[in-house]
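This report goes through one protein model, from its overall layout to individual residues. The sequence and structure come first.

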Amino acid sequence: MQSIFQLCQPRDEVLKGELREDIFAARLRDVMDESADPVYGDAAVFFDNTYPTTGLKHLLKDALGRLVGDAAGTNAILRLETAFGGGKTHNLIALYHIASGGAPVKTVAQLLDAKVKLPKPGEI
């Protein structure tokens, strides 16, 4: 079996020592105000750097279903319970980008199946 060091290649900014720790402090408000670092504020860059976990896909499907009125039998309240650094804000930023219509169509197609209805840009 190969080790993680054999299987994974660090990103260029890590290898060059240019990774800024401040970009790990994501704030949904900054994304909404368009003052966030592009790694969070630019939907294409954000999703290029986001691994689509099963949990993220479920959250997006359920929340978007509620937003467009297509979620019969789904809980109206979703509680994100993870430890510090567990991805709560990251999930909310992903939902914001898709609900606001800012996420690239190709990205949305990779995250959600074709049956999931999306809000029209500006509708939410």
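## Basis

This is a predicted model, in which local features need pLDDT of at least 70 and side-chain atom pairs count only at pLDDT 80 or more, while totals for chains, interfaces and linings use all residues. Residues are numbered from 1 along each chain as its sequence is written, and side-chain values use heavy atoms, with hydrogens and water left out.

## Overall layout

The protein has eight helices and zero strands, and its pattern along the sequence is α-α-α-α-α-α-α-α. Helices (H or I, at least four residues) and strands (E, at least two) are DSSP runs, numbered from the N terminus. The C-alpha trace spans about 45 × 40 × 30 Å along its principal axes.

Of the 124 residues, 24% count as buried. Buried means under 20% relative accessible area, exposed means over 50%, and partly exposed lies in between, using a 1.4 Å probe and protein chains only. Among contacts (heavy atoms within 4.5 Å) with a separation of 6 or more, residues 24 or more positions apart account for 60%.

## Nonpolar core

In soluble globular proteins, nonpolar side chains tend to be buried together. A nonpolar core is here a set of buried Ala, Val, Leu, Ile, Met, Phe, Trp, Tyr and Cys residues joined through side-chain atoms within 4.5 Å. The largest such core has 21 residues, of which Y40, F47, L60, L64, I98, L111 and L112 touch the most other members. At least two residues each come from α4 (38-41), α5 (43-48), α6, α7 (88-99) and α8 (105-111). The largest share, five residues, is supplied by α7.

## The α6 and α7 pair

Two packed helices are described by the angle between their axes and the distance between the axes. For α6 and α7 the angle is about 45 degrees and the axes are 10 Å apart. That makes α6 oblique to α7. Axes are lines fitted to C-alpha atoms, for helices over the stretch in contact, and angles run from 0 to 180 degrees between N-to-C directions. Angles under 35 degrees count as roughly parallel, over 145 as roughly antiparallel, 65 to 115 as roughly perpendicular and the rest as oblique.

The crossing of α6 and α7 is right-handed, meaning that the near helix is turned clockwise from the far one by less than a right angle. On the α6 side, L56, L59, L60, A63, L64 and L67 meet N91, A94, L95, I98 and A99 of α7.

## Individual residues

K61 lies in helix α6 (residues 54-67) and is partly exposed, at a relative accessible area of 42%. Beyond four places in sequence, K61 contacts L112 and V116. D62, also in α6, counts as partly exposed at 22% relative accessibility.

H97 belongs to α7 and is buried, with a relative accessible area of 4%. A polar atom of the H97 side chain lies 2.7 Å from the backbone oxygen of Y40. Not counting residues up to four places away in sequence, H97 touches V31, Y40, G41, D42, A43, F46, F47, G102 and A103.

Definitions and conventions
Polar contact = N/O pair within 3.5 Å; in protein donor to acceptor, adjacent residues only side chain to side chain.
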